[in-house]
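I set out to record what could be looked up in this structure, going chain by chain. The entries below follow the order in which I worked.

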Amino acid sequence: MNILVVVEHNGTVMSTATRSALTFADQLAQEVEGEVKSLVMGAAIQGVVQETSCYSPVLVAEGDELKFPVADRYAVVIEKCVRDYNIEFVVAASTTFSKDVVARAAGLLGGAMASDVVGHNLQEGKLRFRRPMYAGSIIATVELEGSPQVVTVRATSYPPATPKERTCEVSTIPGTTATLPDHIEYLALESKQSHRPDVAEARIVVSGGRALKNTEDFEKIVGGLADRLGAATGSSRALVDAGITPNEMQVGQTGKIVAPDLYIALGISGAVQHLAGMKNSGIIVSINSDPHAPIFEVSDYGIVGDVYTLVPEMMDRLNAR
Amino acid sequence: MKILVPTKRVPDPDQRVRVSSRMNDVDSEGMSYILNPFDTIAVEEALRIREKLGKDVEVVSIGVGGPGYEQDLRTALAMGADRAIWVESDERMDPWNVACVLHAIVKREKPSLVLMGKQAVDDDSNQCGQFLAAQLDWPQATFASKIEWDDQRCRVWRETDSGIETVMLSLPAVITTDLRLNEPRYASLTSIMRAKRKTIERCELHELGVENQPRVNLVHMESVSTERKCVMVDDVGELVDRLRNEAKVIT
Amino acid sequence: MPVNVPLTREVFGNIDSLSRGVFYVVTILAMGCFFWGIRQRVQLWRKGRPSPVSIDWSQLRFHFGQWVWSGRGRLKDRLFAGWAHRFLFCGFLVLLIGTILIAFEHYGAVLFSKDGSDPLFHKGLYYVVYEIALDSFGLVFLLGTVMFAYRRCRGHDSVKYHWTDSVLLFGLILLGGTGFFVEAVRIIHERPAFPAVSYAGWCLSIVIEQLGISSEMAGTLHFVSWWFHALLALAFLAMIPYTRMLHVIAGMIQLVVHKPSLGVMDPLLMEEVERTGRVGVGHIDEFTQLQLVQLDACVSCGRCQDACPAYAFGTPLSPRNLVQDLRLEMDRLQETNLSDTVSDERSEPEHIAETSGCIGSVSSEAIWSCTSCHACVDVCPLGVDPLTLISDMRRHLVGEGALRGSAAMALERMHRSGNPWGLPSEDRLEWARGLDVRQVTETDDFDVLYWVGCAAAYDPRIQKIARSVVQLLNRAQVRFVVLGPLERCTGESARRIGEEFLFQELAHTNLETLHSHRIRTILTHCPHCLNSFQNDYPQFGERFVVKHHTEYLRELMDEGKLTFPESSLSTGSRTVTYHDPCYLARVNGVVKAPRTLLDQVASTTGQAVQELPRHGAQTACCGAGGGRMWFDDTSGTQRSDSRVDELLASGADSVAVACPFCMIMIRDGINAKGESVEVKDIAELLVESLTHTTAQD
């Protein structure tokens, strides 16, 4: 059984999320006795190809037409690759790139697709995938009908793959760039002004409440932890009212409603107005000096203590790895 | 110009969703439903396009599903959609089959634009718009946070993990909406009453020449305990360890 | 001085018959001008929606008596301006009556072909009283105008002056002044037998005589100044319908038809909406006729603006500007009507495209900024009701789909889940965990229903209020029940935001529940729920006996059911103050009960009770009413800023509140300022005082 991993990269290096997809593909390959190949698309991507070859054999589709990750072209390339190499499983990390490109490819390949997979097993010869639904409040087990099958996996559910000792074979897919559609004109990518993701979109949100005394402390404590985790920052209404945080950061009934995988509430007491904005989060962690703070009632993990001492300690722990 | 806005009816995300006793569906007992929030944003955007471009823009809302869809299509009509098409079906349909239905409707209605939510907040698949664009071989722009009209093309700002990407699409096209695209208007009870005068056209799968061929079989469902039991940990080391190895939310 | 000289004076003395004739013509012209103007205005008012009018003359007497005699009425807040207005008004009134009497005398004399020197009744004692009264009130009138002029020079920024106002005021001063001048030169010219009865004019005449004015010169001066005075007076008469003086007439109408009830909103009928296709007011002529009269009654005095919490925070809302902007829009209605008889322009598509749905220069931000605190309604001397104007426009905006963002979300959640947070109904009793609370479904044996409300059902901070209330009820062995999961939001916020039909839906659901369990008496700690049961629900169903928890608890104390141990503590240095909720104090008049309870708390804990500068019915809004709680466009605590400053300035160590919204807003406001003043509901303080005394034992 042939497995194809669609590699996401920024032109120079492979994304860490793709390494998690490679782990998933490797596990799958062992279970169903398959073989993993990686597909790298783009222009001037030697570095990425070389890096990828440390994990699996690489198929390369290179050309100026593939310089930008435009969905219709990339999907056509994936489809061609799948057909040419008898691929039965297409795997990618669950990111906006693959939600856009790989899902479109799946549309060309018959629509057997499972997104956001967090676990899998082989039962009676059939693969079953576990994936979250209803903003993570339900985990569904699904089987896909037909072939090829397309799966995107959550990076947090599979550890990143480690490079193999020897580099693998690299081959170029011939003639892929000949007849690509051009309905989509790529104009620009404007990197985020804030280096952090948007609070309503982020997978992890670190949020601060009344315990934070001023903007500098908020940036140091909440912002610092958020950067260690690649998370967005949020805040309670109290801080917005006090002018410590800007309006768009507010999580709650009158702010943003968020449902990230992980929500870390630092010094937030947990007024209903705030709870209404984050109660659907996957895992909720609270740090608060008041052991009776209502926020603990909706949390999965809690520590009683001062955010000013506990959070820097936590950042050190995260750095240590 | 015609804009098609496919919508889905989803359980109210404010409510607790429970798994039914058969363990392969959610318990619909006492459940209230709403128009998928991302689709509501799509309806709003279509209305704004109409407000900007003028009266000759027609906004057609589409629903594919069982009884009850009528009510939610009324919400779209109350917001201001011109008419609605309800494809009645009691079967559970995965994104592929919904895309097939929409494909058939697109062929019949010949819209210039299909505008829909990036995902439905029940199954969270995030596939249908992309499938439809692939089937039609139309350009697509997913996760739109801003749409601007530029003659017969439109410029779309997309929210991606690496930043805001801008693309120019030639029409016809499929655009899926993200949270920040707009703030939908409130469909007041008065406007819902008024919308009763607008027509909802009903049709069935076979009339569209579509057969439901499942691509995804839902084998089992389990609730992730919503009743949270807070584990009080003693120190930060333990917390980081649990988040990494027990909850698996950080790497 | 011979005694047989008659005590009188000749009307129109020194005025030749040609002048008299001209005067008659000018008078007729001026009156024509006046009545034509009034007619125009009435026609304009009639463009509004007809509404039932019930005339209540006693209201006029009531208001008149209130501010003229007791001096405590609606003009209470501004002493100087109040008295200036009283002087001006009374002077004007008496002079007007005097002029009318003179006219009767004159035309009567003409009718009975009597000579000018032999009056019908303008003689003897009557004449003496008449002259003294007119001179006195002339002085009062002048004093009023001068006071206003002084006030204007000093400047008062809440009053919005138009340049015509200054012209008017100058004209009034001139009118008063020339009146006395005419009198003075007449006295010099005619040398009446007993000039002292017109004492002010007589004094002035002595001064003028000192300047060397002879009798003949005075005759000429009298003739000229008489004409000046007469023309000025007639000009004023003619100008009334076209200037701010119109408020005299519109205000009078407004006062006799005014309904002074606070907290009540007119219900909308779905059949009516279906028939007219219209919700609320989206165009000036959709206001009722009486509302249009109100717009003309407003004199721009700005009392409402001074009282408005939204204006104080710096939102685009000023109730006064709103009324004046609408008035301008009404004037425009007249203009379009005069220039173009095709009045169907509203059905043109461009009007439909203009979905902003606002009238004239009134912005939707201004409309959404209102906290419906009723301060403007309460303070207006002429009973103008900006709040209802706003509510009507809100209904239109909501109907047009102009509401977005978090307030829209709150309404949707009320619709779907029966509470503004969208939380499950089955969680409505979470707050009562571990307490002895029975649900209505569990027993028939109860005296009162405790209406908990959404905030206490779901907000962890407010839950403590409900827990305290229950502890006190149980202590007094009250047989009470709660609705638990059957309770729904009363819809109060929805109604105030302008979503009338969502409110009605919620009201019907709640009324059905209350009816099926035969509820008669309702107790609640939320003034907004209270107002809903008191003023909203009776429009759709039963009227209940509704008590705020402060009232109910005080009754329990009075009946001896709720007792507190004696404390021997002497008053310490700690102080507690009380913030009156608008919907409790101003709208529903509950002012004493919370204070009685607070005194009880203070006496057991040894605290001193301190009143805030703005208290009772004059309380200042926390900023959360009128559905403002659910808007995200301006951050919350800034809205309660001035009130929080007032609280902090009072130096109180803790603030007692009696409303969940006030609790949230005041607490957030105090916290945002980094202060540590405690905010507690009165029920919580009572419970604390119990433990306080047991600890003392």
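**Entry 1: a loop residue in chain A**

I began with A:Glu169, which I find exposed, because 10 other C-beta atoms lie within 10 Å, and a residue with 12 or fewer counts as exposed. I note that the model is a predicted one. I placed A:Glu169 in the loop between strand S9 (149-153) and strand S10 (170-172) of chain A. I then looked up A:Pro57, which is 112 residues from A:Glu169 in sequence, with the two C-alpha atoms 4.8 Å apart in space.

**Entry 2: a sheet with strands of chains A and B**

I traced an open sheet of ten strands with mixed pairing, in the order S11(A)-S9(B)-S8(B)-S7(B)-S10(B)-S6(B)-S1(B)-S4(B)-S5(B)-S11(B). Which strands stand at the edges? I find strand S11 (184-190) of chain A and strand S11 (200-204) of chain B there; each has a single partner strand, so one side of each is left without a neighbour in the sheet. From one strand to the next the twist averages 30 degrees.

I next examined the pairing of strand S5 (residues 83-88) of chain B with S11(B), which is parallel and has five bridges. Within S11(B), B:Cys203 stands opposite B:Val87.

Two helices of chain B were then checked against the sheet. Helix H1 (residues 37-53) of chain B packs on it, touching S1, S4, S6, S7 and S10 of chain B, and its direction makes about 145 degrees with that of S6(B). Helix H4 (residues 128-136) of chain B lies across S6, S7 and S10 of chain B and runs at about 70 degrees to S7(B).

**Entry 3: parallel strands in chain C**

I turned to strand S3 (residues 521-524) of chain C, which runs parallel to strand S1 (residues 448-451) of chain C and is joined to S1(C) by three bridges. I recorded C:Leu523 in S3(C) as the bridge partner of C:Tyr450. Four bridges join S3(C) to strand S4 (residues 545-548) of chain C, again in parallel. Here C:Thr524 has C:His548 in S4(C) as its bridge partner. I followed the chain through helix H23 (residues 527-536) of chain C and noted that S3(C), this helix and S4(C) make a right-handed β-α-β unit.

**Entry 4: a helix pair in chain C**

Lastly, I looked at helix H3 (residues 79-111) and helix H4 (residues 124-154) of chain C, whose axes come within 7 Å and cross at roughly 145 degrees. Their crossing is left-handed. I sorted the residues of the contact of H3(C) with H4(C) into 18 nonpolar, six polar and one charged.

Conventions
Residues numbered from 1 in each chain as written. Chains lettered and ligands numbered in written order. Predicted model: local features only at pLDDT ≥ 70, side-chain atom pairs only at ≥ 80, totals over all residues. Buried ≥ 20, exposed ≤ 12 C-beta atoms within 10 Å, placed from the backbone. Pairing = 2+ DSSP bridges. Right-handed = clockwise from strand over helix to strand, strands pointing away. Axes fitted to C-alpha atoms, helices over the stretch in contact; angles between N-to-C directions. Left-handed = near helix turned anticlockwise from the far one by under 90°. Nonpolar A, V, L, I, M, F, W, Y, C, P; charged D, E, K, R; others polar. Contact = placed C-beta atoms within 7 Å.
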